[in-house]
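Subject: Structure handover

Hi there,

Here is the structure I promised to pass on to you. Have a look at it first, and then read on for what I found.

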Amino acid sequence: MSAHEQFTDDLALYALGSLEGVERQTLETHLQNCASCRRELELLRGDTSLLALTTAGPKPPARSRQRLMSAIANEPRLPAVVATRTPERRSWWPMLGWLPNLGWIAAAAAVIVCIGLLRQNSNLRQSVASLQAQFTDQGAKLDQTTQIVATLLDPEATKIELVAVGNKPQPRGKAIYQRRNRNLIFFASNLPALPAEKIYELWLFPANGGAPIAAGLFKPDARGGATIVNPPLPQGVAAKNFVVTLEPESGSHESPRGTPVIVGIGE
Amino acid sequence: MKIGVPSAAPNAITSDLALVTAIRSGDQSAMAALYDRYSSIVYAVALRVLQDTGAAEDVLQDIFMQLWRHPGAFDASRGNMAAWLAVIARHRAIDALRRRRPENDIADVIVSVEPDFASDADRSRAMEKVRGALNTMPPPQKSALEMAYFEGLTHSEIAEKTGEPLGTIKTRIRTGLLSLRKVLAT
């Protein structure tokens, strides 16, 4: 049995998606009641796929495969919803035969989808809770670090150095240097008050025996304390030693000219 | 007589089903295998329609992502994977061409197919016959068919573009499609 004669041309256009307007609406109405035209439409769709399959061209670029695999690796799977349609119910358009079961099908699908969404929701909640815990932990660590640094650098903080009983406090310094990131923290204490038109200067002595590198000018506070944090330094210089010298007020910069005040003794 | 779209060999169909089953369980290597098998078909169709490699890649990505998300959308009892993907690729590419939202979910695309061929080689020979039929088709008929299929034009637009009556365009398209079907029956 073939399709109804008056719809044969329109069925071909409909299979191609080229039918429009009233003709499309009329055909769709007819299809709801005509199994033979529905069958002919499926065959016509098969015919259109022949056109697609005869298409030849270049292969997709390799990046498309990489893009897809990255995307599926990053995308959580939705629960599978298995279609349970019978052959007569497989089609593009709603058919009359579906209607009595449509409610049950929709309800079953909704239940399956809801179960899936609930599972997904649960997984997402666990992920969010885990991320929140990590965030809180990181935040607490950051707060702690910030407080430590703020305490060390606060000029108002009380800084008292303890020495052996009976000993007179001596000028001291401690340099903590991280070559990889060029981080340098330097603390000094008990430095003598600066003479007029003089300043202290910190020097980094490279391990390769190169010329000393100026690592900052500083003036001590009333207790002889001073701090230098991350002065500008060249990349990747290994330090052999640090020295503080007393220099003219403008500093020496190129090489130490003044008297060494404190000298590193190594680790 | 019922004439369908040529399908892959039975063992290939089994492999497709096995891959789809593995994809259902989240097997990424199965997805890669399916992509390697059919990405050329999908990309060729999309590129033919869109004439733009970037846009064709987007369609390729979209279709395989949809398959990853909804592997149950493929129903092997009514169509082989190659034909199904080719039709979906054409739909998606036309949608992209017209910058509109997809009109059909992939699970709604049914292509009537019978496993008429015993091997991929048989399928290749059949495709050659179809290509031959296209090449021997009267140029106005072939042109109307291709404008409708690869350019996504409506029959009114084709009639306007060619200056032919609407009824002539309709008949050319239908008889053109039927001639493709007939060439496989001979």
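This is a predicted model: local features need pLDDT of at least 70, side-chain atom pairs count only at pLDDT 80 or more; totals for chains, interfaces and linings use all residues.

**Chain A**

Chain A contains 5 helices and 7 strands. The chain has 267 residues, and 30% of them count as buried. If you take the contacts in chain A with a separation of 6 or more, 56% are between residues 24 or more positions apart.

**Where chain A meets chain B**

How much area is buried between chain A and chain B? The figure is about 5,700 Å², and carbon and sulfur atoms give 58% of that. Chain A puts 51 residues into the contact, and chain B puts in 69 residues.

On the polar side, the rule finds 20 residue pairs in polar contact across the interface of chain A and chain B, both residues being at pLDDT 80 or more. On the side of chain A that touches chain B, the elements giving two or more residues are α1 (8–16), α3 (35–53) and α4 (62–74) of chain A. Of that side, α3(A) provides the largest share, with 14 residues. By residue class, the side of chain A that touches chain B splits into 24 nonpolar, 17 charged and 10 polar residues.

**Salt bridges between the chains**

Side chains of opposite charge can pair when their charged atoms come close. Over all chains, the structure holds 18 salt bridges, and the rule finds 8 across the interface of chain A and chain B.

One salt bridge joins the side chains of D9(A) and R174(B), with N to O at 2.5 Å. Another is formed by R65(A) and D36(B), whose closest N and O atoms are 2.7 Å apart. This second pair crosses between chains, running from helix α4 of chain A, where R65(A) lies, to helix α2 (residues 28–50) of chain B, where D36(B) lies. Both partners are partly exposed: R65(A) has a relative accessible area of 31%, and D36(B) has one of 45%.

**Salt bridges within a chain**

In chain A, E42(A) forms a salt bridge with R39(A), and their closest N and O atoms are 3.4 Å apart. The two residues are both in helix α3 of chain A, at a spacing of 3 residues, or about one turn of the helix. Are they buried or exposed? E42(A) has 7% relative accessibility, which is under 20%, so E42(A) counts as buried. R39(A), in contrast, is partly exposed, with a relative accessible area of 27%.

In chain B, R98(B) forms a salt bridge with E157(B), with the closest N and O atoms 3.2 Å apart. This pair links distant parts of the chain, 59 residues apart: R98(B) is in the loop between α4 and α5 (120–136) of chain B, and E157(B) is in helix α7 (residues 155–162) of chain B. R98(B) is partly exposed at a relative accessible area of 32%, and E157(B) counts as partly exposed at 34% relative accessibility. Elsewhere, salt bridges that share partners join D10(A), E23(A) and K170(B) into one network.

**A closer look at D10(A)**

D10(A) sits in helix α1 of chain A. D10(A) is buried, with a relative accessible area of 10%. Leaving out residues up to four places away in sequence, D10(A) touches L19(A), E23(A), L27(A) and K170(B).

Helix α4 (residues 81–97) of chain B has 17 residues and spans 24 Å from its first C-alpha to its last, close to the 24 Å expected at 1.5 Å a residue. Of those 17 residues, 15 are buried, so α4(B) is largely enclosed by the rest of the structure. Just after α4(B), R99(B) takes a positive phi of about 50°.

Helix α6 (residues 139–150) of chain B has 12 residues and reaches 15 Å between its first and last C-alpha, close to the 16 Å expected at 1.5 Å a residue. Its buried residues include L145(B), M147(B), Y149(B) and F150(B). Just after α6(B), G152(B) takes a positive phi of about 70°.

Happy to go through any of this with you.

Best wishes

Conventions
Residues are numbered from 1 along each chain as its sequence is written. Chains are lettered from A and ligands numbered from 1 in the order in which they are written. Side-chain values use heavy atoms; hydrogens and water are left out. Helices (H or I, at least four residues) and strands (E, at least two) are DSSP runs, numbered from the N terminus. The expected span of a helix is 1.5 Å times one less than its number of residues. Buried means under 20% relative accessible area, exposed over 50%, partly exposed in between (1.4 Å probe, protein chains only). Contact means heavy atoms within 4.5 Å. Buried area is the accessible area (1.4 Å probe) that two parts lose on being put together, summed over both. A salt bridge is a side-chain nitrogen of Lys or Arg within 4 Å of a carboxyl oxygen of Asp or Glu. A polar contact is a pair of N or O atoms within 3.5 Å; within protein, one must be able to donate a hydrogen and the other to accept it, and residues adjacent in sequence count only if both atoms are side-chain atoms. Ala, Val, Leu, Ile, Met, Phe, Trp, Tyr, Cys and Pro count as nonpolar, Asp, Glu, Lys and Arg as charged, and the others, Gly among them, as polar.
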